[in-house]
Amino acid sequence: MLHSRLLRYLDEVARCGSIRAAGERLHVAPSAINKHLLALEEELGTPLFERLPRGLRPTPAGELLLAHVRKTLLEFRQVEAEMRALQTLQAGEVIIATMTGLASGIVATAASRFSARYPQIRVSIRVLPARAIQEALANGEADLGLGFNIPASPQLASLWEMDASLGAVMSPDHALARMESIPLAHFAAYPLVLADRSMLIHGIITETFAEAGVALEASFRTNSIEAMKRLAATGDAVAFLSRFDIAEEMRQEVLTFRQIRDRGFRSNMLSLVRRDKPGQGLAGQLLGEEIMGVLGSMSA
């Protein structure tokens, strides 16, 4: 066993208030428990129990140690349960609700790695808007959610979050790609691919250009992240997305990301969330760890 029997001895003596009663519950000779207890008190240099006429009571030092002991025992029981669950992780399904650009990049990469490790577990990827992601988790229709600006809810627990502000997305061969950061005014000379009014980023983009006093003329409008990426990758067009939207395209070197120099776009929070409910499935936990690994490699 990872933790000494002594931890269980201490816990049981405190609960029973008696070495004899603790021995009966643990099926251990009281003399053996007493021997271990005295040796520990000598090692620590302080009594852990007051010897009273009708039993034992923890001293302040004993209470302090018992808090640690009980936390340790609880954590060990949880690890044991997870290890048993890991041995039986042979079938089932884990569902993640996410957004278009994230689904084809970060989520697909993490899901592929997860499936290689646990081939019997089916991964379902559902593409939804931010509010629908929140609702799918709250209703138990998804195990995990990854998206931008997911509305806060007491029913959701955040596993990972980061400000993933928008920037300029273009071909690595684009004339503007030579610059590390680009002033907004420079985009006026190139075709722009903009989100339509149905998308949250439409407001972020138009608000930023308006505040900077820069005219914004769209050559293309779409509610498809995939269309935005394709248009930006195959010509002189520029789209405005986050680096997380184009993770796979950056890896393949078909798109690049540049920050805005003079006036950045307002916060665009990327979050990985789960239902805030005890007993979450191990498969969902493990897929979440794979996703955080991919996210961490991008944000390092």
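Helix axes here are lines fitted to C-alpha atoms over the stretch in contact, with angles taken between N-to-C directions. The model shown is predicted.

**View 1. Helix H5 meets helix H8.** H5 spans residues 100–117 and H8 spans residues 225–233. Their axes come within 7 Å. They cross at roughly 70 degrees. H5 is therefore roughly perpendicular to H8, since angles of 65 to 115 degrees fall in that class.

**View 2. Residues at the contact of H5 with H8.** H5 contributes Thr100, Gly101 and Ser104. From H8 come Ile225, Glu226 and Lys229. By class, the residues of this contact divide into 1 nonpolar, 3 polar and 2 charged.

**View 3. Strands S3 and S4 pair in the parallel sense.** S3 covers residues 92–98, and S4 covers residues 121–127. The pairing runs over 7 bridges. Thr98 stands opposite Val127 of S4. Between the two strands the chain passes through H5. This β-α-β crossover is right-handed.

**View 4. Thr222 and the residues around it.** Thr222 belongs to strand S10, residues 220–222. Its relative accessible area is 13%. Thr222 therefore counts as buried, the cut-off being under 20%.

Note on methods: Residues are numbered from 1 along each chain as its sequence is written. This is a predicted model: local features need pLDDT of at least 70, side-chain atom pairs count only at pLDDT 80 or more; totals for chains, interfaces and linings use all residues. Side-chain values use heavy atoms; hydrogens and water are left out. Axes are lines fitted to C-alpha atoms, for helices over the stretch in contact, and angles run from 0 to 180 degrees between N-to-C directions. Helices (H or I, at least four residues) and strands (E, at least two) are DSSP runs, numbered from the N terminus. Angles under 35 degrees count as roughly parallel, over 145 as roughly antiparallel, 65 to 115 as roughly perpendicular and the rest as oblique. Contact means heavy atoms within 4.5 Å. Ala, Val, Leu, Ile, Met, Phe, Trp, Tyr, Cys and Pro count as nonpolar, Asp, Glu, Lys and Arg as charged, and the others, Gly among them, as polar. Two strands pair if DSSP finds at least two bridges between them. A crossover is right-handed if, with the strands pointing away from the viewer, the path from the first strand over the helix to the second runs clockwise. Buried means under 20% relative accessible area, exposed over 50%, partly exposed in between (1.4 Å probe, protein chains only). Lists of a residue's contacts leave out its neighbours within four places in sequence.
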